[in-house]
Structures are given as structure tokens and as C-alpha cells.
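I set out to record what can be looked up in this model, entry by entry. The notes below follow the order in which I consulted it.

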Amino acid sequence: MTTVTSMKCACEPCLCNVSISDAVQKDGKYYCSDACANGHTDRTGCGHHGCGC
């Protein structure tokens, strides 16, 4: 059996992979940041280098 420890951020345009233990969880999905989890309501990106979401 394989255990998943990281996955792509649930934000569609985001390119980040996130560790499940460090992720922001919302509605059963895993996000790399609060900005992604909240749908970028304040129009800021996730802040991670190289990601343009």
C-alpha cells in the first residue's frame, strides 16, 4: 500500500505541490496557502517562487 504525503494544490491555476501535513485544508481539499484556499479573494497569488496563480 502507498501512502500519499504530498499532492498538487487544489487551486486550478496553481503549480505548487503541498505536503498534506502542512496544507491548508478547506472543504476536503488541500491548498498551499490561505490565498489559494480562499479563492484569491484579495487578488494576491500564493506567494511561492515560480507560481503565477
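This is a predicted model: local features need pLDDT of at least 70, side-chain atom pairs count only at pLDDT 80 or more; totals for chains, interfaces and linings use all residues.

**Entry 1. Burial**

Over the protein chain, buried residues make up 28% of the 53 residues.

**Entry 2. Overall fold and dimensions**

I then read the secondary structure and found one helix and four strands in the protein chain. Their pattern along the sequence is β-β-β-β-α. The radius of gyration of the protein chain is 11 Å, close to the 10 Å that the globule rule gives for 53 residues, so the chain is as compact as a globular protein of that length. I recorded the span of the C-alpha trace along its principal axes as about 40 × 25 × 15 Å. The accessible surface of the protein chain is about 3900 Å², and 48% of that surface belongs to carbon and sulfur atoms. Of the contacts with a separation of 6 or more, 18% are between residues 24 or more positions apart.

**Entry 3. The largest nonpolar core**

Which residues make up the largest nonpolar core? I counted twelve residues in all: Cys 9, Cys 11, Cys 14, Cys 16, Val 18, Ala 23, Tyr 31, Cys 32, Cys 36, Ala 37, Cys 46 and Cys 51. In soluble globular proteins, nonpolar side chains tend to be buried together. I followed one member, Cys 51, and found that it touches Cys 14, Leu 15, Cys 16 and Cys 46, residues up to four places away in sequence not being counted.

How many disulfides does the model contain? The count comes to zero disulfides. The cut-off matters here, because a disulfide requires a pair of cysteine sulfur atoms within 2.5 Å. For Cys 11, the closest cysteine sulfur is that of Cys 36 at 3.9 Å, which is too far for a bond. For Cys 46, the closest cysteine sulfur is in Cys 16 at 3.8 Å, again too far for a bond. Cys 11 is buried, with a relative accessible area of 7%.

**Entry 4. Ser 33 and Ala 37**

I located Ser 33 in the loop between strand E4 (29–31) and helix H1 (34–37). Is Ser 33 buried or exposed? Ser 33 is buried, because its relative accessible area is 10%, under the 20% that sets the limit. Leaving aside neighbours within four places in sequence, Ser 33 is in contact with Val 24, Cys 46 and His 48.

Ala 37 is in helix H1 and is buried, with a relative accessible area of 9%. Beyond four places in sequence, Ala 37 is in contact with Val 24, Lys 26 and Tyr 31. I also took the separation of Ala 37 from Ser 6: these residues are 31 apart along the chain, and their C-alpha atoms are separated by 16 Å.

**Entry 5. The segment after H1**

I looked up Asn 38 next, which lies in the segment after H1. Asn 38 counts as partly exposed, because its relative accessibility is 40%. Asn 38 and Val 24 are 14 residues apart in sequence, with a C-alpha to C-alpha distance of 10.0 Å.

His 40 is also found in the segment after H1, and at 17% relative accessibility it counts as buried. The side chain of His 40 reaches the backbone oxygen of Thr 44 at 2.6 Å. Leaving aside neighbours within four places in sequence, His 40 is in contact with Cys 11, Ala 35, Gly 45, Cys 46 and Cys 53.

**Entry 6. Positive phi**

Most residues other than glycine have a negative phi. Arg 43 is not a glycine either, and its phi is positive at about 65°. Arg 43 lies in the segment after H1. Is Arg 43 buried or exposed? Arg 43 is exposed, because its relative accessible area is 81%, whereas His 40 counts as buried at 17%.

Technical notes
Residues are numbered from 1 along each chain as its sequence is written. Side-chain values use heavy atoms; hydrogens and water are left out. A nonpolar core is a set of buried Ala, Val, Leu, Ile, Met, Phe, Trp, Tyr and Cys residues joined through side-chain atoms within 4.5 Å. Buried means under 20% relative accessible area, exposed over 50%, partly exposed in between (1.4 Å probe, protein chains only). Contact means heavy atoms within 4.5 Å. Helices (H or I, at least four residues) and strands (E, at least two) are DSSP runs, numbered from the N terminus. The radius of gyration is taken over C-alpha atoms; the globule rule is 2.2 Å times the number of residues to the power 0.38. Accessible areas come from the Shrake-Rupley method with a 1.4 Å probe; for residues, only the protein chains shown count as cover. A polar contact is a pair of N or O atoms within 3.5 Å; within protein, one must be able to donate a hydrogen and the other to accept it, and residues adjacent in sequence count only if both atoms are side-chain atoms.
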